[in-house]
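Here are some notes on the charged pairs of this model. Please read them with the structure open.

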Amino acid sequence: MAETVSRIPIDIMIEGLGKAEGELIRHLAPRTVDAILRAMPLEGRAAVWGREIYFQIPVKSGEEKAKSIAEKGLIAYWPMGNAFCIFYDKMRPYSPVNPIGKVTKNIEIFQRVRVGMIIRVQRM
């Protein structure tokens, strides 16, 4: 997957499980995506809620084109928790999230993530 101005490929590594791939898509929430890119690489301990994996990141951003329903594969930023989120199935988040990208490869890995596992996100 080649990087373009609007689509930035990322690796999502999960301690002890392997990796998934995704892309950040600038037009979904440009200010939020740019803030996250400046903060990369990101690393944190996984929290699990429903069919969502998330971890806190050093980015503070308000709602930007926020959604109340998350589709399978959505990568999002959760303004209320300053968190990077990955939805591995369709669900309703605790509160609205800013869509910032999507998982493009190996989404099944997120079903095996447990609380406390280390997740690292970086540009490819």
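Is Glu-71 buried, partly exposed or exposed? Glu-71 is partly exposed, with a relative accessible area of 46%. Buried means under 20% relative accessible area, exposed over 50%, and partly exposed in between (1.4 Å probe, protein chains only).

1. Basis. This is a predicted model: local features need pLDDT of at least 70, side-chain atom pairs count only at pLDDT 80 or more, and totals for chains, interfaces and linings use all residues. Residues are numbered from 1 along each chain as its sequence is written, and side-chain values use heavy atoms, with hydrogens and water left out.

2. Total. The whole structure holds eight salt bridges. In each, a side-chain nitrogen of Lys or Arg lies within 4 Å of a carboxyl oxygen of Asp or Glu.

3. Glu-71 and its partner. Lys-90 forms a salt bridge with Glu-71, with the closest N and O atoms 3.9 Å apart. The pair links distant parts of the chain, 19 residues apart. Lys-90 sits in the loop between β7 (83-87) and β8 (98-105), Glu-71 in the loop between β5 (52-56) and β6 (74-78). Strands are DSSP runs (E, at least two residues), numbered from the N terminus. Lys-90 is partly exposed too, at 46% relative accessibility.

4. Arg-7 and Glu-23. Their closest N and O atoms are 2.6 Å apart. Arg-7 lies in strand β1 (residues 7-14) and Glu-23 in strand β2 (residues 18-25). Arg-7 is partly exposed at 33%; Glu-23 is buried at 7%. A network of salt bridges links Arg-7, Glu-23 and Lys-102.

5. Lys-19 and Glu-21. This salt bridge has its closest N and O atoms 3.8 Å apart. Lys-19 is partly exposed at 36%, whereas Glu-21 is buried at 18%.

Note on methods: Helices (H or I, at least four residues) and strands (E, at least two) are DSSP runs, numbered from the N terminus.
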